[in-house]
Amino acid sequence: MTDIVDELKWRGLFAQSTDEDALRKALADGPVTFYCGYDPTAASLHVGHLVQVLTMRRLQQAGLRPIALVGGATGQIGDPRPTAERTLNPPETIAEWVSGLRRQIEPFLSFEGDNAAIMVNNLDWTAGMSAIEFLRDVGKHFRVNKMLTKDAIARRLESDEGISYTEFSYQLLQSMDFLELYRRYGCTLQQGGSDQWGNLTAGLDLIHRLEPGAEVHALATPLMTKADGTKFGKTEGGAVWLDPTLTTPYAFYQFWLNVDDRDVSRYMRVLSFRTPAELEELEKVTEERPQARTAQRALAEELTTLVHGADQCAAVVAASKALFGQGELSELDEATLSAALSEVPHARVAELGPLVDLLVEVGLAPSKSGARRTVKEGGAYVNNVKVTDGESAPERECLLHGRWLVLRRGKKNLAAVEVTG
């Protein structure tokens, strides 16, 4: 079981631990119960959370017993951000989000066998605690001067806004989680991102104060970044969510398909469950033939299958091919086609006019003369069929699902027309 540490390092998933040698020994002596926490600060997890969710899955496959904690209590407070105070959401909203996050996490873990996963909510052990009990039993063991050294808190103290006592107390609540899980389930390892290191170690300190002789550990994974310096998991449209109603499976697939060549090998190691030999082969192919985007395609298909299922992955792969003339558009179901076309430039019209007008309307041509030139050169397609008469209007019978036309200029420039009349 100690091999998992070496694998985490090879995959770039090992940022730091409290004592690597002690952790290796604990894993060798096994079994080890570990936990990772997720706060319901939104209705869905986003792809940034996948690092922790998939690391939990990887650790469970290595024999560890996972506890997934969704913070019904900590979610009402919010981990301090470096820039500004969080907006407090109503408890009823947070309760809904807790249920949603649990449903998203559960499919990644196994709840059977000797190391069956456990799902917990920290509201279960905080809801009945009075403020006096919290201050006496937990707050007594924290030193403010040490808490002030946490990066997010230090930056907030330097700002004009400062930090509220509510957010300042977040570290105490998260530390109490580790203590409670240690006492209830024998949990001896907390996993999280490196930006949580102060919270992770604070939990260890609390256990050491209240449970003398306890051997507990913290393991932090590196924060994912992009080569261009922008935040991982963010697009021009915002976060890439796991909930298909917030980010469609097609858009989710396209996010991974469009990963920068400079990032894809690193992302594959962190997020894929392929063997090191398979990943090294994909890295070699990417280096030799980056234009083929073989690694991006492999990553997109693996993660779309993991998050949305094999059927949805097959549907979006079929849509991706069909949009570029490598499949039948008429065979795509309406939901998949609509999701795919929402990701390309499109226009809504009441009636179908001449093709040259439509090409200009959707931005595939700068002018009617430019559209006519595209048609004359054989570069205009309607529903993957080459059109030679730009002055004619497509027939309504051509509409996909009675509402869509897919326009293409050349091989790669796509747009859509939605007929509303």
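Author: Begin with a definition. A salt bridge is a side-chain nitrogen of Lys or Arg within 4 Å of a carboxyl oxygen of Asp or Glu. Keep in mind that this is a predicted model.

Reader: How many salt bridges does a search of the whole structure find?

Author: The search finds 23. Take one of them: the side chains of Arg 183 and Glu 211 meet at 2.8 Å, N to O. This pair links distant parts of the chain, 28 residues apart. Arg 183 sits in helix α10 (residues 170–185). Glu 211 is in the loop between α11 (197–210) and β6 (217–221).

Reader: Are Arg 183 and Glu 211 buried, exposed or partly exposed?

Author: Buried means under 20% relative accessible area, and exposed means over 50%. Arg 183 has 47% relative accessibility, so it counts as partly exposed. Glu 211 is partly exposed because its relative accessible area is 24%.

Reader: Where do the partners Arg 274 and Glu 302 lie in the chain?

Author: First the bridge: the side chains of Arg 274 and Glu 302 meet at 2.5 Å, N to O. Arg 274 is in the loop between α13 (261–271) and α14 (276–288). Glu 302 belongs to helix α15, and the two are 28 residues apart. Arg 274 is partly exposed, at 25% relative accessibility. Glu 302 has a relative accessible area of 15%, so it is buried.

Reader: Which residues does Thr 304 contact, leaving aside its neighbours within four places in sequence?

Author: Thr 304 also has its place in helix α15 (residues 294–308). Its contacts are Pro 249, Phe 252, Tyr 253, Gly 309, Cys 313 and Val 316. Thr 304 counts as buried because its relative accessibility is 0%.

Reader: Now the sheet. What is its strand order?

Author: Strands of a sheet pair through backbone hydrogen bonds, either parallel or antiparallel. Here an open sheet of five strands runs β9-β13-β12-β10-β11, with mixed pairing. Its edge strands, β9 (346–349) and β11 (385–386), each pair on one side only. Strand β10 (residues 380–382) and β11 run antiparallel, joined by two bridges. Across that pairing, Tyr 381 stands opposite Lys 386 in β11.

Reader: Which helix packs on the sheet?

Author: Helix α17 (residues 334–341) does. It touches β9, β12 (404–409) and β13 (413–419). The direction of α17 makes about 45° with that of β12.

Reader: What does Glu 334 meet in a salt bridge?

Author: Its partner is Arg 403, at 3.3 Å, N to O. Glu 334 is in helix α17, and Arg 403 is in the loop between β11 and β12. They are 69 residues apart. At 35% relative accessible area, Glu 334 is partly exposed. Arg 403 is also partly exposed, at 24% relative accessibility.

Reader: Which residues are linked in a network of salt bridges?

Author: Asp 6, Lys 9, Glu 20 and Arg 24 form such a network.

How values were computed: Residues are numbered from 1 along each chain as its sequence is written. This is a predicted model: local features need pLDDT of at least 70, side-chain atom pairs count only at pLDDT 80 or more; totals for chains, interfaces and linings use all residues. Side-chain values use heavy atoms; hydrogens and water are left out. Helices (H or I, at least four residues) and strands (E, at least two) are DSSP runs, numbered from the N terminus. Buried means under 20% relative accessible area, exposed over 50%, partly exposed in between (1.4 Å probe, protein chains only). Contact means heavy atoms within 4.5 Å. Two strands pair if DSSP finds at least two bridges between them. Axes are lines fitted to C-alpha atoms, for helices over the stretch in contact, and angles run from 0 to 180 degrees between N-to-C directions.
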